[in-house]
Amino acid sequence: MYKAEVRGPLILGNKDYGQITRDIIAPIDNKTPGWWKVAMAISVTLASIGIFSLYYTVRYGLGTWAVNNSVAWGWEIINFVWWIGIGHAGTAFSIFLLILRQKWRTSINRAAEAMTVFAVMCAAIFPAIHMGRVWLAFYIFPYPNTRGPLWVNFNSPLFWDFIAISAYLLISASFWYFGMVPDFASIRDKAKTKAKKAVYGMLAFGWTGSTKEWLRYEGLSYVLGGIAAVLVVSVHSIVSTDFASSVIPGWHTTLFPPYFVVGAIFSGFAMVMTLMIVIRKYYHLEDYVTDSHLNAIAKILVFVSLIMGTAYTTEVFMAWYSGNPYEMFTFFHNRLTGEYSFMFWAMVICNAVIPQVMWSKKVRSNITALFIISLIINLGMWYERFNIVVTSLSKDYLPSSWTTYSPTWVEIGIYIGTIGIFTIGVLFFFRFIPMIAISEVKSVLKPTEISEKH
Amino acid sequence: MNTTHIIGVFDSKSDLLAGIESAKSKNITIDEIYTPYPVMEAIDAMGRKSRFTTAAFIYGFAAVVGVLSFLYYTSVIDWPINYGGKPTNAFPSFIIITLVLTILSITILSLFTFSVRAKIYPGKKYILPDERSTDDKFIILFDKKTAGAGFEAISAALKANGASEVYEKEV
């Protein structure tokens, strides 16, 4: 019979409130570690490659990419969807668990939200640069203009996408920052230097922790949590309509919105796991990000992996069941077999097969294994986007327009650059921002742990 | 202008709540409570209520009306465009933009409301009676003029209920 165990303490090590503050702000107070400088040097190098590739694209035009009339969307859209997917889970994680009152979120939500903000920033680069004349990107804003005034096409999923991504970036950044205000105040009041007190004082907006402030803080966090939960579902559904509202075989399916949302949560949770393992290891925060936290994320990943497997199977089944020869061709001759079959099978193995090993408790408690699996999932999700974008476009209804696609160094360079930009953001986050929500962690400390000390 | 305040310092939430109870039972008026994390019982004890959800609903309603009107104006009145014979007032395809912009409006307006009501904004000159309250202490603040009891009485009441420290300070 199933036996429920009482959940252990969320925070280990018999901490008191003061210890929590000290532990979490220690990385901000301590000297910059050597590994951080090395990681930053690598990230800056990667970002520089990206910036040069972006410059090259703007200077010489989109002809420097391998996209063509048939495969009009290449690595740029793959990477856009990939980054948005990763960015998605930060909010999903933080907000769904907030609404469900899952207290174990408190150790992880801050890093997840940070990841969202940096990932969405990286994602935004791709559609902007894909416009070709990036300096005219402001044309997409719906404002009274001198071109008629000609309004944008409000019925276009691509415009919905623009609105959704911009709103998502603004909302997730606000949610993230507003959550940090009480923690900035804690750093301000513990600061040893005047400069630090001034900087964190400015960031803390004069927070004091009075009941008047906490009441509104709680009210705002539930309002934002409630409405942003809708956004988590809508943003990636909108991204999926970029594909699903077209008539391209392999894209034109009602499965896409839930498939994309779940896929996004899958890759994002995997990235959250990667980040939390790094934070735990390098900042010795094992008492806050405990094995049970990683265990909980791993269980979610196994479950979501099953949904992914079901989605992949459903797509193939529907291609056969629909009796549509174009769908049949796309799935059976251009995905399961054919020149891009590696991408399809790599996607299935990375996303639907390998994560199943996390059914085993032994694997879930092995940090190295979890770290490797989390990276494999993100790789698998990249393969998934390649599989969707390139296979459908490369061979459409007209065999005369069939073509193959492999990226140029410029496209690869931009992708590498966004990885650098993302890691620069994450490294700054590690160094200057409390990685764990101090006030929220204090609120989940069990009263018994405090009273035992007196 | 600074006035003399009496400050009770507590180490834990349970002690704080006992301190609040004892002050209330003795009809001592609490000026404010400062805690390192949100303590709902302390907020209730101060008799504070928030109408945030009502405000958010009003913002949302206004945003829905505003965005739909804007889309109707641009797509039907100002510059109607024929996309393959589809109706210019394409209501179903307006829903997504309306949803997203409504959420954005609620977020931005709620943040402003929070800033105004909680008086939290960049460069604010704040008064924090005891800096330890953002770290590990729970603070009850009494205004000596309006508390309704003297330092000795308040100190005795709080200390009997677990206050680790009670002192006077100009705040």
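Two residues are in contact if their C-beta atoms, placed from the backbone, lie within 7 Å. The model described here is predicted.

**Helix H11 of chain A**

Start with helix H11 (residues 341-353) of chain A. Its buried residues are A:Phe344, A:Met347, A:Val348, A:Cys350 and A:Asn351. What covers them? The cover includes helix H8 (256-283), helix H9 (291-322) and helix H13 (367-394) of chain A.

**H8(A) against H9(A)**

Two of these helices also pack on each other. The axes of H8(A) and H9(A) lie 9 Å apart, at an angle of about 150°. Angles over 145 degrees count as roughly antiparallel, so H8(A) is roughly antiparallel to H9(A). Their crossing is left-handed. On the H8(A) side, the residues that meet H9(A) include A:Phe266, A:Phe269 and A:Met273. On the H9(A) side, A:Ile297, A:Leu301 and A:Val304 are among those that meet H8(A).

**Chain B against chain A**

The contact between the chains takes 54 residues from chain A and 54 residues from chain B. On chain B, helix H1 (13-25), strand S2 (32-34), helix H2 (40-45), helix H3 (52-78) and helix H4 (91-117) each supply at least two residues. The largest share, 15 residues, comes from H4(B).

The table gives the make-up of two sets of residues.

**Domains of chain B**

The domain assignment of chain B gives domain 1 (4-49 + 133-170) and domain 2 (52-117). Taken over C-alpha atoms, the centres of domain 1 and domain 2 of chain B are 46 Å apart.

Terms used. Residues are numbered from 1 along each chain as its sequence is written. Chains are lettered from A and ligands numbered from 1 in the order in which they are written. This is a predicted model: local features need pLDDT of at least 70, side-chain atom pairs count only at pLDDT 80 or more; totals for chains, interfaces and linings use all residues. Helices (H or I, at least four residues) and strands (E, at least two) are DSSP runs, numbered from the N terminus. A residue is buried if 20 or more other C-beta atoms lie within 10 Å of its own, exposed if 12 or fewer, and partly exposed in between; C-beta atoms are placed from the backbone. Domain bounds come from an automatic or database domain assignment. Axes are lines fitted to C-alpha atoms, for helices over the stretch in contact, and angles run from 0 to 180 degrees between N-to-C directions. Angles under 35 degrees count as roughly parallel, over 145 as roughly antiparallel, 65 to 115 as roughly perpendicular and the rest as oblique. A crossing is left-handed if the near helix is turned anticlockwise from the far one by less than a right angle, and right-handed if clockwise.
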